[in-house]
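Subject: Structure for you to look at

Hello,

Here is the structure I said I would pass on. Please open it first, then read the notes below with it on your screen.

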Amino acid sequence: MRYLHLIRQTEALERHIDLLQWLQGDVQDYLSHDILLAGWGDFREGTVRHDILSNLPGARSYSDGTDSLPFLLGKFHDHWLAAGRMPCRLNFHEFDYLLGSASLPGSFTAALRGMRSALIHGLCDERNGQECLYVLLDTEDIPVEPASTALRVLMPSIDAALRRMTLLPQQRGGTSRPVRNLQEDVSGLSERETQIMAWVAMGKTNSEIGTILNISGFTVKNHMQRIFQKLNVFSRAQAVSKMKQVSLDG
């Protein structure tokens, strides 16, 4: 019964700001968090859309630093599957290596650096064949209880509220397939090369990218040489600029 009044409140939520205010209100007594990440789609194929709900500076759905969010959501999804599709709590510092060595002030990456714990749960839309993942992030340790129980109980209502809301402009059209496919068509880069460029754009070194993709830094270097040749550039900065232009023109 203690969750019933919260569930009833979600029926009146119509906008993202309404949902954010609800999450930052009485919900905090059961689900303490600073950021809520929502991801949905095909996590195996990398076709993932996302929403970010938070009051923190830079923690916005399409602020700087969110380009590689599908990769991070994919890692969270792997942990959720390993936990038997049950709520699982993680030390967010395990994912520091995904943030690279640089982040702009006010960016989403900068907001993530202050996180300490993550609580993950999801659900499967059997009719559409998609999974929805919800990740709570907090600067403090999220208690296993009552947070895990609250997440299981409230998540269907949160999910239903988000589905009623109008998609953000960046979520409409053109996102039903992975970004990498679009870039392959226009730039000629392979899937692996496109993955590497996504991490290069976040300021990661060859060694860091190798750790993320489970390949050697030397292999990353070889990929980068081929990328330079295909894009007709001579530096990482030029490659990133070229890829951004390809994305805009495509």
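**What was found**

Leu90 has Ala118, a residue of strand S4, as its bridge partner. Keep in mind that this is a predicted model. The bridge belongs to the pairing of S3 with S4 (residues 117-125), which is antiparallel and has four bridges.

Where do these strands sit in the sheet? The sheet is open and has five strands, in the order S2-S1-S5-S4-S3, with antiparallel pairing. Its edges are S2 and S3 (88-91), each of which pairs on one side only. On average, neighbouring strands of this sheet are turned by 20° against each other, direction ignored.

Why is S2 largely enclosed by the rest of the structure? Seven of the eight residues of this strand (residues 47-54) are buried, so S2 is largely enclosed. Buried here means under 20% relative accessible area. When you look along a strand, remember that in a regular strand the side chains alternate between the two faces of the sheet.

Helix H3 (residues 69-82) lies across S1, S2, S3, S4 and S5 (130-138), and runs at about 95° to S5. Helix H5 (residues 144-164) also lies across S1, S2, S3, S4 and S5. The angle of H5 to S4 is about 45°.

Regards

Definitions and conventions:
Residues are numbered from 1 along each chain as its sequence is written. This is a predicted model: local features need pLDDT of at least 70, side-chain atom pairs count only at pLDDT 80 or more; totals for chains, interfaces and linings use all residues. Side-chain values use heavy atoms; hydrogens and water are left out. Buried means under 20% relative accessible area, exposed over 50%, partly exposed in between (1.4 Å probe, protein chains only). Helices (H or I, at least four residues) and strands (E, at least two) are DSSP runs, numbered from the N terminus. Two strands pair if DSSP finds at least two bridges between them. Axes are lines fitted to C-alpha atoms, for helices over the stretch in contact, and angles run from 0 to 180 degrees between N-to-C directions. Contact means heavy atoms within 4.5 Å.
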